[in-house]
Amino acid sequence: LSAASLPLTITIDTTKPTAALPDLQAASDTGVSDTDNRTSDETATLEGATEPSARVDLYLNSAFLIQLTASAGGNWTYTFAPDTLQDGSNEVYIVITDLAGNVSDASEILTLFLDVELDSPITPILSPDSDTGSSNSDGLTNNSTPLISGTVKPNSSIAIVVSGTTVATVQADSAGAWEYTLQPGNLNEGLNHIEIFSTDPVGNTARSQTLDLTLDTMAPLIYN
């Protein structure tokens with residue numbers, strides 16, 4: 001008779017794993033905060049944690065996308081290829097299969113919003129009430145604190161630049177409207193070039209065309 005073999009240890013595991021909600025990595029979240037799941041990065045990276053060496057089935061917008069394998073520590077990441085995410089809302093969830101073959105329920109859905117549109121803001125507009133020239137749209141004024149306005153993507157941040165110098169930063173409202181009353185010293189006597197740089201909630205930046213505004217506060221000369 002042979003010597004007894006080494007004992008065989010059998011682990012019985014019938015407990016299905018829990019699929020935790022996937023997370024958009026903070027470095028890929030370019031929104032107002034790094035936890036709002038809004039991004040301008042079409043190659044954003046997801047991450048999550050599960051049981052060691054488990055299989056992770058990743059679904060995008062209800063369709064199976066890819067199967068990943070968690071590390072020995074249970075961590076996993078996935079970076080989307082270009083053109084995988086659609087512009088706008090995307091729904092992501094996972095299903096876990098552990099080493100014993102137990103399959104989890106689907107995780108909660110991560111809603112990820114992609115915005116890669118670079119909509120150019122309209123040229124700033126001089127308020128007709130501030131335009132004191134021969135018409136109310138000729139860009140001539142004797143008002144050193146005129147009102148300018150415009151529209152951009154909703155909730156964007158707007159840097160107002162006069163002849164190369166940033167004079168103010170304002171916030172657009174939920175409809176994209178903004179306005180600003182230029183302060184004393186913002187304008188130079190004579191021709192001024194006014195433009196804006198808008199940054200939307202996911203970090204896309206766009207530049208407007210230029211408003212040419214002429215300030216003339218000098219009284220005319222009277223000759224005898």
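**A network of salt bridges links D115, K153 and D200 in this predicted model.** A salt bridge here is a side-chain nitrogen of Lys or Arg within 4 Å of a carboxyl oxygen of Asp or Glu, and by this rule the count comes to four. The side chains of D115 and K153 meet at 2.9 Å, N to O, and this pair joins the loop between strand 8 and strand 9 (125–126) to the loop between strand 11 (147–151) and strand 12 (157–162), 38 residues apart. D200 and K153 meet at 2.8 Å, N to O, with D200 in the loop between strand 15 (190–199) and strand 16 (205–207), 47 residues apart from K153. Both D115 and K153 are buried (under 20% relative accessible area, where exposed means over 50% and partly exposed lies in between, with a 1.4 Å probe and protein chains only), and D200 is buried as well.

**A salt bridge connects E195 and R207.** The N to O distance is 2.9 Å, and the pair links strand 15, which holds E195, with strand 16, which holds R207, 12 residues apart. E195 is buried, with a relative accessible area of 11%, whereas R207 is exposed, at 51%.

**Five strands form an open sheet with the order 2-8-7-4-5 and mixed pairing.** Strands (E, at least two residues) are DSSP runs numbered from the N terminus, and two of them pair if DSSP finds at least two bridges between them. Strand 2 (38–39) and strand 5 (63–69) stand at the edges, each with a single partner strand, so one side of each has no neighbour in the sheet. Strand 2 pairs with strand 8 (residues 110–114) in the parallel sense over two bridges, and T39 has L114 as its bridge partner in strand 8.

Residues are numbered from 1 along each chain as its sequence is written, and side-chain values use heavy atoms, leaving out hydrogens and water. Because the model is predicted, local features need pLDDT of at least 70 and side-chain atom pairs count only at pLDDT 80 or more, while totals for chains, interfaces and linings use all residues.

Technical notes
Helix = DSSP H or I, 4+ residues; strand = E, 2+ residues; numbered from the N terminus.
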